[in-house]
Amino acid sequence: MSLLWLRFALGCYLVGLIYAFVALTRTSDLFSRIAFHAASMGMVFHFVSLTELFLSGQIVWASVHNGESLLAFLSMIFFMVIYMIYKTTSPGVVVFPVVFFLTFVAALDEQPVLLTQFVSHKGWLIAHIMLIFTGYAALLVSFGASILYLLQERRLKAKKPTSLIGFLPALEIIDQIGYRSLLLGFPFMTLGLITGSVVAITAPTIGRVDFLDPKILLSVLMWAVYMVMVFTRWNSGWRGRRAAFLATFAFVAALAAWAANYFSTIHRFGTS
Amino acid sequence: MRYQLIGLNHKSAPLEVRERLAIPESRLPDTCRELTSYPGIEEGMVISTCNRVEIVTHTSNGHADLRGFLHDHFDLDANSLDPHLYEFREKDAVRHLFRVASSLDSMVVGEAQILGQVKEAYATARAVGAVRGQLDQLFSRAFAVAKRVRSETAVGSSSVSIASVAVELAKKIFGSLQGKNVFIVGAGKMSELAARHLMAHGCASIFVANRTYERAIGLAQKFDGQAIKFDDLYNTCDRADIVITSTGAPHAIFRREHGEQFLARRKNRPMFFIDIAVPRDVSPEMGKLDGIFTYDIDDLQQAVTSHVADRRKEAERAEAIIASEVEKFEARQSTLDVVPTIVSLQDHLETIRQAEIDRVRGRMGQLTPEQEIAIEALTRGIINKVMHTPITTLKSAAKESEATTVVDVVKRLFNLQVRPKDVSLESSVKKEEAGKKSEVGTRQ
């Protein structure tokens, strides 16, 4: 049943996806309103889907697909918060495609597999998943904002007056969105990693923790890049190209850390 | 509708001619008085701006010698003036005035200033009594049309002045201008104008630096700002988010290294340079830095031009509105043209009726109230029945070109003395209604 709701949500997000592509070439107030309402509706379906999962009693979020679904939902929450504060749907240009993709994969089929070896740390595990995914979502929004920043900066520098009237908010607003989500995401990410480590170290089933495990290495790398980003921004106000470069790097590191699930020995969904 | 208009504008006349005809504000009332005392002119007013001089009149026969007035007033010979003049009558004059008020005839189509200027000219002429009923109607309609054009088309929406484009760009960079600081480098008219625009949009404070320190102080005082010694320019400039620069320096005064300095001190918060100096004050190299946005005079002008092109498209829609408004105005005016005839026809018949009733009274002695009512109803009924067709014909003829002919025929048939039309729309309509109801006894 939860999968059905998720597929409804996917249908709604599809509208958002189309909007994301159209918005790059032209501005349409009507369409951005439609996309916004569709996305809101998608969130409702999505929420129902996740609630059903939760009520099913198991920590099924720990399956890859359910994790992706949760991440997509958290990203949408970020999008909505930004909309409420800044009244702009433009981050959707980056957020919608990612959300759509995540939801699409999650909606493919049921994956009722668990991180079975950690059942004794259920509370920690939930905390870990929620925290780290919130961190991911914040990172995604921040990454999106840095791309929008580059776009807007380029428009302004190109001095093409016709393209000045675009869907993009003012440069400083984009900058604020990016910086705030960056700041917000950092503690989540940090705490997420800490809770994860606690689970890994104390779980009785796992034995000795291999610190050269790709999951751990990549997670630490991602966190380090994240910290460098926050630091350079706070210390010397890096933005624009340099910030976008770092954000992309952090984003790729995050993807790699996620992908590491497939070849890590300790952090593995499913079959092990 | 005997409107007549003569004038010249930026398209028909070069600046040398326009400046000879420009009438200073202080002399406008006198010119209006002079205009209305000119033969054949009943009402008149003058619009004089830097781009146009227009004389709008309502004349007694539709053929007043407006050229003659201009020659006399400005003491210019026909040869030097006439080639630059345009002259419109009736419907064309109405259309031209509507276009002027709606800013379709402006050098920068859609600019909002002209409507204010026309309103001022109207108020001036009205104050000296040069504008009464006829021009009143025309101008109040013109203002309504201008308002309609502005609200129904986007002809005035995009920024088409350097200063407003600068504000728009600043908003694209900073979002809100609230709390932003402006630095004027080189006190000049244009930078002052741009600064004024920026302050109007919420900028917090202003710094002024100028080679001549006294001028900097002068300008800073105007804005409640702070004058900066030119030598301190580079040390203080990073405090500003927006820099308007227009010095007469022969080479760039802001170079890449300055930009780097500013950015370092500002923690890379962006800066917006509006460079209206020629030669440029900001080196192109500096503009390449991340976080520094430089727009020189050509960039701004380019933005203006492209907005102007957008406006032109909207202007076509505006022209359609004006065309329909001119038709409406004309239709209403011509109805008004026949109103006095109808009123006087009614007056005329009412007089005859009253006279006849009096005669009957004289012959028959005192009438009973019932008889009075019967006679009243009988005579009124006959007159109304007889009058019905002629009045309908007059009203419908008003909308056709034959109006004058029909009006003349009616006047001659009934030997009517139509009073001159000094009446505005409302008063004439009121009279018409009053005539319809009863004016018993009042005209005897």
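Guide: Two packed helices are described by the angle between their axes and the distance between the axes. In this predicted model, α5(A) and α6(A) pack at an angle of about 155°, and their axes are 7 Å apart. That angle makes α5(A) roughly antiparallel to α6(A), the term for angles over 145 degrees. Axes are lines fitted to C-alpha atoms, for helices over the stretch in contact, and angles run from 0 to 180 degrees between N-to-C directions. Helices are DSSP runs (H or I, at least four residues), as are strands (E, at least two), both numbered from the N terminus.

Visitor: On what basis may I rely on the numbering and on the local features?
Guide: Residues are numbered from 1 along each chain as its sequence is written, while chains are lettered from A and ligands numbered from 1 in the order in which they are written. As the model is predicted, local features need pLDDT of at least 70 and side-chain atom pairs count only at pLDDT 80 or more, whereas totals for chains, interfaces and linings use all residues.

Visitor: Which hand does the crossing of α6(A) and α7(A) have?
Guide: The crossing is left-handed, a term that applies if the near helix is turned anticlockwise from the far one by less than a right angle. Here α6(A) and α7 (residues 214-236) of chain A pack at about 145°, with axes 10 Å apart. Residues of α6(A), including F186(A) and M189(A), meet residues of α7(A), among them W223(A) and Y226(A).

Visitor: How many residues of chain A are in contact with chain B?
Guide: 17 residues of chain A are in contact with 17 residues of chain B; contact requires C-beta atoms, placed from the backbone, within 7 Å. The largest share of the side of chain A that touches chain B, three residues, comes from α6(A).

Visitor: How should I read the sheet in chain B?
Guide: Strands of a sheet pair through backbone hydrogen bonds, either parallel or antiparallel. In chain B, six strands form an open sheet in the order β7-β6-β5-β8-β9-β10, with parallel pairing; two strands pair if DSSP finds at least two bridges between them. At the edges are β7 (226-229) and β10 (292-296) of chain B, each pairing on one side only. The twist averages 20° from one strand to the next. Four bridges join β6 (residues 205-210) of chain B to β7(B), and A209(B) has I228(B) as its bridge partner in β7(B).

Key: Contact = placed C-beta atoms within 7 Å. Parallel < 35°, antiparallel > 145°, perpendicular 65-115°, else oblique.
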